[in-house]
Amino acid sequence: MPEAAKAHTAAGAEAFVKFYWEMVNYAQFTGDLDALEQLGEDGCAACNGGVKFLRNVYAKGGTVKGGRSTVSELHATRLSVGNHDAYEVTFKLANTLQVIDYEGDKDDQRYPAAIVSGQFVVDPATPGWSVGFWTTQS
């Protein structure tokens with residue numbers, strides 16, 4: 001994790017969201033999901049759903065082609081959650097065309113390139129942050 005993403009500040013929260021998407025890219029292209037899985041809290045449905053999807057692709061002998069995510073226009077806002085501060089981070093996410101390819105299967109899954117808006121809620125953790133919630137919308 002980059003040093004900038006470890007700071008419990010608005011800039012640190014933004015750097016962590018960028019790092020999260022770098023880890024998504026890494027996990028998609030390698031099938032190594034362990035590091036990505038550690039970044040989300042147990043209750044983060046989007047985190048767990050993404051990891052589960054990729055685990056299933058690789059368990060069935062599939063590969064992921066394309067689908068690179070690039071984050072921009074990040075903006076963090078401090079939230080008071082119980083006895084600590086968390087941050088909501090809004091952003092734009094651009095994805096390239098993604099193809100889920102299963103060897104010998106003619107019906108590959110295709111996800112078109114898109115630019116969407118997104119929102120994360122991140123909580124302080126050691127080191128850096130953990131994702132409590134995220135979503136995207138067109």
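Q: What makes the phi of the residue after helix 1 worth a look, and which residue is it?
A: Gly31 follows helix 1, and its phi is positive, near 80 degrees; a helix here is a DSSP run of H or I with at least four residues, a strand is a run of E with at least two, and both are numbered from the N terminus. This is a predicted model, in which local features need pLDDT of at least 70 and side-chain atom pairs count only at pLDDT 80 or more, while totals for chains, interfaces and linings use all residues. Residues are numbered from 1 along each chain as its sequence is written, and side-chain values use heavy atoms, with hydrogens and water left out.

Q: How do you know that the reach of helix 1 is close to what is expected?
A: The expected span is 1.5 Å times one less than the number of residues; helix 1, with 21 residues, reaches 30 Å from its first C-alpha to its last, close to the expected 30 Å.

Q: Why does Gly12 count as buried?
A: Buried means under 20% relative accessible area, exposed over 50%, and partly exposed in between, with a 1.4 Å probe and protein chains only; Gly12 has 0% relative accessibility and therefore counts as buried. Gly12 lies in helix 1 and, leaving aside neighbours within four places in sequence, is in contact (heavy atoms within 4.5 Å) with Ala4, Ala5, Ala7 and Trp129.

Q: Why are the buried residues of helix 3 said to line one face of the helix?
A: The buried residues of helix 3 are Cys47, Val51, Leu54 and Val57. Seen down the helix axis, they fall within an arc of 125 degrees, so they line one face; the arc is that of the directions from the axis to the C-beta atoms. On the other side of helix 3, Ala45, Lys52 and Ala59 are exposed, whereas what covers the buried residues includes helix 1, helix 2, strand 1, strand 4 and strand 7.

Q: What makes up the lining of the largest pocket, by class?
A: A pocket is an open set of points on a 1 Å grid over the protein atoms alone, where a 1.4 Å probe fits, with protein on both sides within 12 Å along at least five of seven lines, and lining residues have an atom within 4 Å of a point. The largest pocket has a volume of about 550 Å³, a volume being the space filled by probe spheres set on points joined across faces, edges and corners. Of its 23 lining residues, the closest to its centre are Trp21, Gln28, Asn95, Gln98 and Trp134. Counting Ala, Val, Leu, Ile, Met, Phe, Trp, Tyr, Cys and Pro as nonpolar, Asp, Glu, Lys and Arg as charged, and the others, Gly among them, as polar, the lining has 15 nonpolar, eight polar and no charged residues. Helix 3 gives the largest share, six residues.
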